[in-house]
Amino acid sequence: MVTHVEPPAEPDVTLTDPRDLLTGYLDHYRDAVLRKLDGLSDEQLRTSRLPSGWTPLELLKHLAYVETRWLRCRFADEPVPDPWGDRSAADPGPGGRWHVAAEETFEGVRATFLDACAHSRRIVAGARLDDVASAGGRLGASGPAPSLIWILFHLLQEYARHAGHLDVVRELADGVVGE
């Protein structure tokens, strides 16, 4: 059985300010990710339905760390104890497997995600779109440092892609569909 859920409204179609449009859509997709996870049982949150093996809870934790790596580490050059905390200790770093420990709860991962989003909003509010990342950031990136507008576009596409992944996973889990 398929159950359709109505999505919240997108940012206003009359927006012309790039900052408002980017941040509005980022918040829209942040909310979409959380809505896709609401109502799933702990078992459903920790069960993969895909050959790649990731779970919905791992994806949420991954997105919290994506926010942290791009805006806190790379853009603001803030010290973060474990920027790859979404990865397995057995497979750490950029190419590592996403991981949520057995003792981590949905509420805890959700709180981490919400804190990361709030921290990102504060960083973005205090910067101009054409500001560039501090010396490329702390993650050993080479080449030119990205601008804030580039980072925000990158985050937007990452959220949109992962929200789409969750669309499929949620339908497979319990038949709920909708943005």
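Which side chain meets Asp 31 in a salt bridge? I looked it up in this predicted model. The partner is Arg 35, at 3.0 Å from N to O.

**Entry 1: the pair within α1**

I checked where the two residues sit. Asp 31 and Arg 35 are four residues apart in helix α1, so about one helical turn separates them. I recalled the general rule: an α-helix has 3.6 residues a turn, so residues three or four places apart point the same way. Then I looked up accessibility. Asp 31 has a relative accessible area of 31%, which makes it partly exposed. Arg 35 is also partly exposed, at 21%.

Next I went to Glu 67. Its side chain forms a salt bridge with that of Arg 30, 2.8 Å from N to O. Glu 67 belongs to helix α3 and Arg 30 to helix α1 (residues 18–37). The two are 37 residues apart, and the pair links distant parts of the chain.

Buried or exposed? I asked this of Glu 67. Its relative accessibility is 0%, so Glu 67 counts as buried. Arg 30 is buried as well, with a relative accessible area of 5%. The cut-off for buried is under 20%.

I then took Arg 128. Its side chain meets that of Asp 131 in a salt bridge, at 3.3 Å from N to O. Arg 128 is exposed, with a relative accessible area of 52%. Asp 131 is partly exposed, at 21% relative accessibility. I also noted a network: Asp 27, Arg 30, Glu 67 and Arg 121 are joined by salt bridges that share partners. For the model I count 15 salt bridges.

**Entry 2: α3 against α5**

How do helix α3 and helix α5 pack? I found an angle of about 180° between them, with the axes 11 Å apart. Angles over 145 degrees count as roughly antiparallel, so α3 and α5 fall in that class. I listed the contact residues. On α3 they include Leu 59, Leu 63, Val 66, Glu 67 and Trp 70. On α5 they include Trp 150, Ile 151, His 154, Leu 155 and Tyr 159. By type, the contact residues divide into 14 nonpolar, three polar and two charged.

**Entry 3: the length and end of α5**

I tested the span of α5 (residues 148–174). At 1.5 Å a residue, its 27 residues should span 39 Å. The end C-alpha atoms are 38 Å apart, which agrees. Gly 175 follows α5, and its phi is positive, near 85°.

Note on methods: Residues are numbered from 1 along each chain as its sequence is written. This is a predicted model: local features need pLDDT of at least 70, side-chain atom pairs count only at pLDDT 80 or more; totals for chains, interfaces and linings use all residues. Side-chain values use heavy atoms; hydrogens and water are left out. Axes are lines fitted to C-alpha atoms, for helices over the stretch in contact, and angles run from 0 to 180 degrees between N-to-C directions. Angles under 35 degrees count as roughly parallel, over 145 as roughly antiparallel, 65 to 115 as roughly perpendicular and the rest as oblique. Contact means heavy atoms within 4.5 Å. Ala, Val, Leu, Ile, Met, Phe, Trp, Tyr, Cys and Pro count as nonpolar, Asp, Glu, Lys and Arg as charged, and the others, Gly among them, as polar. The expected span of a helix is 1.5 Å times one less than its number of residues. A salt bridge is a side-chain nitrogen of Lys or Arg within 4 Å of a carboxyl oxygen of Asp or Glu. Buried means under 20% relative accessible area, exposed over 50%, partly exposed in between (1.4 Å probe, protein chains only).
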